[in-house]
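Please read the points beside the sequence and the model.

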Amino acid sequence: MANAGDEDPKRSPAIAPAAAKPGLTGIGAVLAPPMFASLLSRLFNWSRSGVGPRLLAAVLLFSSAVTLTLTALQLYLDYDREVGLIETRLDEIGRSTTDSLGESLWNLDQNQLKLQLDGILRLPDIRSAEVREIADRPNPIRLAVGEPSARSAVTRDYPLNYSAQGAAREIGVLHVEATLADVYQHLLNRALVILVSQAAKTFLVSLFIIYMVHLLVTRHLVAIAEFVSKYNLARPPPPLRLERRAPYDADELDKMVDAFNAMCANLERAYGELREANASLERDLSIRRRAEEDARASEQRFRDYAETASDWFWETGPDHRFTYISDRVAAFGMDPKALIGKRRTDAAFGPDAEPEKWRAHLATLDRHEPFRKFEYRGRDTAGRMHHFSVNGQPIFAADGRFMGYRGSATDLTAQHETEERLRQSQKMDAIGQLTGGVAHDFNNVLTVITGTIEIIRDGLADKPELAAIAQLIDDAAARGAEITSQLLTFARRQPLEPREIDVNALVVETVKLLKPTLGEHIEIETRLADDAWSAMADPSQLSSAIVNLAVNARDAMPGGGRLTLETANRELDDTSGDAVRGAFVMIAVSDTGHGIPADIRERVFEPFFTTKGVGRGTGLGLSMVYGFARQTGGTVAVESEEGVGTVMRLFLPRSKGEAPARTAPVQPLVTARGQETILVVEDDPLVQGYVIAQLGSLGYRTLVAGDGASALVLVAQGAKFDLLFTDVIMPGGMNGRELADAVRLRRPGVRVLFTSGYTDNAIVHEGHLDPGVALLGKPYRKSELSEKIREVLASESPA
């Protein structure tokens, strides 16, 4: 009886086996996963098909949960009651049998013990009973009936006592075991009955609920959804009506239908208003679209004009600062972004040089008046000077406020350059005409002076004082002839006799002449290209050009320096600005002098322009070089830096031949005599008399005529002569070339020597003497006259 009150430890092992019943556990392990997963999947897919299935699923799940909970509670209560009955029965066995069993055990009456144990075993739920003797002797009594079980059982151990001589003594133990298998079976059957009945009831109730929900709600919801899906505001259907018996009072569906019909009516009304608003908006948009298209077309038209026009457009604000400049200005070398925010005076070059002009322009701007053709100068981003002409129109707001100016600008640089070239051409033509008129008469005078002064100088050989004066006159005449020649060269009216020359050889010969001319304080250096081409030029004029460049360089180095002469081959394109291109031979003359200031660098080739003091130069040296180069078909380029020096590059056209004539050293002329007859045609009496005297002193016989007509009369009369010596420019309507042609028609093969101080275009074309023409330029000396006559008489007779 000592363990009778320890109930909780005894019950716990009895409850645990119920959850792990072998049969149920095995079936669940095999069938539960696939069946349960498939069922869940089907339920999930079915529950997503509509409101009814989801409602049914919710009801089933909720009912199942309630049923399971209540069933579990009921089973627990039944289990507790059944287990209580078994424990009460065990307690009754302990109270009623322990005394008799103790008596029988004391008496060692095993038969009685067996009978009593069988009686206990016959009690409900008793599985086994056993008596064990507690004695210190061999083979104590141990008697058991029934089949003990290791699980699902409730056990009790009761002590067996015997009283002897007033003292209780424990002599054995009664062990009783009650099974719970019947209890579990009963509970299982009851659970199955409850679950089946509840499931059937729940399913039927759920189907009824689903049917009622479909009948009262979901079918109407489907009708409402179909009506909504097919509703078209453009063609609205009749109001929505549900197919059902009208209830006494409007329910939720009726209220929803009424609200929906009211909403549809409002939508139709709003749609009509919106359609009218859209039509109005469409009209407004169409008008705005046309306006925008017109504005876009106008803007594009303006941009096209602005970008393709020869001018560019600008706009300024009230402060006269640029707010807009068209991109066209970039074509003239300027950056439009750099000009934004500047005034016109900020972008102009030297506004202080024309203060009155700019003061008047700024006053016009302050008065907000339009202006036209305001011209000023400015520089582009590369520093090149440009001439601009600007037109402007003031802009006013609707309230009369001054907003700024809009206008256009034109680059007149090309026009100014063209005008400058035209003025320069006109100047050169005027100088040429003046030079031609002066040269003809002046060279006639110089011819007489230089010729007679030789005679006077020879006659005054024994009078040194007078001979010195004669020499001064001779030098002055030579200087006058040089100036006249330079004027003719600059005006490109100096007759040239170009031929193929070895440029390196000519430079070497010219350097020999330069050393005494330049002085000991000038160091001369040559850098001659070994592969220098031959050039087509007049060697005497080229030598004079090099001397002029060298003398000009010497004057730039008053304290001494280095003069460098260099030759090289160059290919030029027409980007040089002189419109020359092709193969050229370059002759560069470099000095280490003070350089040419930038502000006068563009004027160095102008005639009579010089930076030297009065009496130190005529200003024709570089002009003569430029005129010679251009007349030859080449050009001259200048490169200078103040404080460093200057480089003058003379470009001569390359000869097409392969055997350039090497320039021989200049030999002193020897007076040659002859006995031939010469027909002299000269209109100037002084020159005529001088020529006759000189030719007579040389042994020649002479025939004289004052003009072409007189000469032709002599020819017609049969006058015999070996050489026609005629001036080119003569009065009477016939020049020397026309006379020579007329004489050759009558006497083919006659030799002709022309003489002139100004040839005009009679025997010179494109700056070159015509082929086969012999010319003795005025003024000339006696030795030059005799040499040229012998040269012509010794030449082959023309065909």
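Helices (H or I, at least four residues) and strands (E, at least two) are DSSP runs, numbered from the N terminus. This is a predicted model, in which local features need pLDDT of at least 70 and side-chain atom pairs count only at pLDDT 80 or more, while totals for chains, interfaces and linings use all residues. Residues are numbered from 1 along each chain as its sequence is written, and side-chain values use heavy atoms, with hydrogens and water left out.

**Annotated residue**
- Asp727 lies in strand β19 (residues 723–727).
- An unreviewed UniProt entry gives Asp727 the annotation "modified residue: 4-aspartylphosphate"; such annotations may be inferred rather than shown by experiment, and positions follow the numbering used here, with feature names shortened.
- Asp727 has a relative accessible area of 0% and is therefore buried (under 20%; exposed is over 50%, partly exposed in between; 1.4 Å probe, protein chains only).

**Helix α5**
- Leu216 belongs to helix α5.
- With a relative accessible area of 45%, Leu216 is partly exposed.

**Helix α4**
- Helix α4 (residues 110–121) has 12 residues and reaches 16 Å from its first C-alpha to its last.
- That span is close to the 16 Å expected at 1.5 Å a residue, where the expected value is 1.5 Å times one less than the number of residues.
- Buried residues of α4 are Leu113, Gln116, Leu117, Asp118 and Ile120.
- An α-helix has 3.6 residues a turn, so residues three or four places apart point the same way.
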